Amino acid sequence: MRLTGGMDRGRRIKAPRGLKTRPTAAKVREAIFNILGPPPGGSVLDLYAGTGSLGLEALSRGADRVVFVERDRQALGVLRQNLRELGFASRATVIAADVRTGLRRLAGSVQGEDRFSWVFMDPPYAAETEAILSELSSADLLAGCAVVIVEHDKRHRPPPSLGGLFLTDRREYGDTELSFYRSGRS
C-alpha cells in the first residue's frame, strides 16, 4: 500500500498479511480526499483505524493532527511503525481502545479548537455503525460543519440522519459505499 497524495505521495504504508483489519483501498482513499479537498484547520479522528491508512493520508495531505482509535494489538503495532517511519508521530495521538471507550476518553479532553473537523469511520461490523454515529453526534467532539465519512458495504447503509448528523452524499465503489455526513452543530 502507498499514500495516494500530499507531501508523502507514493510512500509505502505497512499492512501485514493475515491482519484482521482490511485497509481502505487506494482507489477509495483517493476518491475520499478528492471529494473532501484539502484538510481544514482542526483535528482529524480515525475510528477503527487499523493500520491508519486514512489518517496517514490526511497527515500527508496537511492535516494538523490526527487521533487514531484502534483496539487490535497487531494493528496498533503497525500503525505506530507507520507513524514513526513517515515522520508523523509528533502530529498523531494513538488511543489503544475500542471505539466506544476511545470516544468517552476524548469527550473528557476535547474542547474548542481541538474538536474534530473530519472523522473517518470504517467499522468491522455494520451493527456498530448507528450506535457509534449516535455517540459521536452527542459527545460534543465535532467542530461546526464537521464531516463524518463512513465506509460500509452497500447492503448495510446507515440512516440518512442520526442525532446532529445529516447525510449529504453517498458514493459507490464496487461493493464499498461511502456515506458523508455533516454535523448540524454551528
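Leaving aside residues up to four places away in sequence, L36 touches W118, F120, V147, I149 and F180. In this predicted model, L36 is found in helix α1 and, with a relative accessibility of 18%, it counts as buried, because the limit for that class is under 20%. The C-alpha atoms of L36 and V147 lie 8.7 Å apart in space, although the two residues are separated by 111 positions in sequence.

L36 is also one of the residues with the most contacts inside the largest nonpolar core, a set of 28 residues in which I32, L56, L83 and F120 are likewise among those with the most contacts. The elements that give two or more residues to this core are the helices α1 (26–36), α2 (53–60) and α3 (73–86), together with the strands β2 (65–70), β4 (116–121), β5 (142–153) and β8 (176–183). Of these, α1 gives the most, with 5 residues. In soluble globular proteins, nonpolar side chains tend to be buried together. Within the largest core, L83 is another of the residues with the most contacts; when its neighbours within four places in sequence are set aside, L83 is in contact with L56, L59, F68, F88, A89, A92 and V94.

Aromatic side chains were examined next. The count of aromatic pairs comes to 3. In one of them, the ring centres of F33 and F120 are 5.6 Å apart and the ring planes stand at 50°, so the pair is classed as tilted. This pair links distant parts of the chain, since F33 belongs to helix α1 and F120 to strand β4, 87 residues apart. Both F33 and F120 are buried. W118 and F120 form a further aromatic pair, which is edge-to-face, with 6.2 Å from centre to centre and 65° between the planes. The relative accessible area of W118 is 4%, so W118 is buried, and F120 counts as buried because its relative accessibility is 0%.

Two residues stand out in their backbone geometry. Most residues other than glycine have a negative phi. D140, however, has a positive phi of about 60° although it is not a glycine, and it is found in the loop between α5 (127–138) and β5. C145, which lies in strand β5, also has a positive phi, near 60°. D140 counts as partly exposed because its relative accessibility is 36%, and C145 falls into that class at 48%.

For the protein as a whole, the secondary structure comes to 5 helices and 8 strands, which follow the pattern α-β-α-β-α-β-α-β-α-β-β-β-β along the sequence. The radius of gyration is 15 Å, close to the 16 Å that the globule rule gives for 186 residues, and the protein is therefore as compact as a globular protein of that length. The C-alpha trace spans about 40 × 35 × 30 Å along its principal axes. Buried residues make up 49% of the 186 residues, and the protein exposes about 8800 Å², of which carbon and sulfur atoms supply 46%. Among contacts between residues at least 6 apart in sequence, 65% join residues at least 24 apart.

Note on methods:
Residues are numbered from 1 along each chain as its sequence is written. This is a predicted model: local features need pLDDT of at least 70, side-chain atom pairs count only at pLDDT 80 or more; totals for chains, interfaces and linings use all residues. Side-chain values use heavy atoms; hydrogens and water are left out. A nonpolar core is a set of buried Ala, Val, Leu, Ile, Met, Phe, Trp, Tyr and Cys residues joined through side-chain atoms within 4.5 Å. Buried means under 20% relative accessible area, exposed over 50%, partly exposed in between (1.4 Å probe, protein chains only). Helices (H or I, at least four residues) and strands (E, at least two) are DSSP runs, numbered from the N terminus. Contact means heavy atoms within 4.5 Å. Rings of Phe, Tyr and Trp (its six-membered ring) pair if their centres lie within 6.5 Å; planes under 30 degrees apart count as stacked, over 60 as edge-to-face and the rest as tilted. The radius of gyration is taken over C-alpha atoms; the globule rule is 2.2 Å times the number of residues to the power 0.38. Accessible areas come from the Shrake-Rupley method with a 1.4 Å probe; for residues, only the protein chains shown count as cover.
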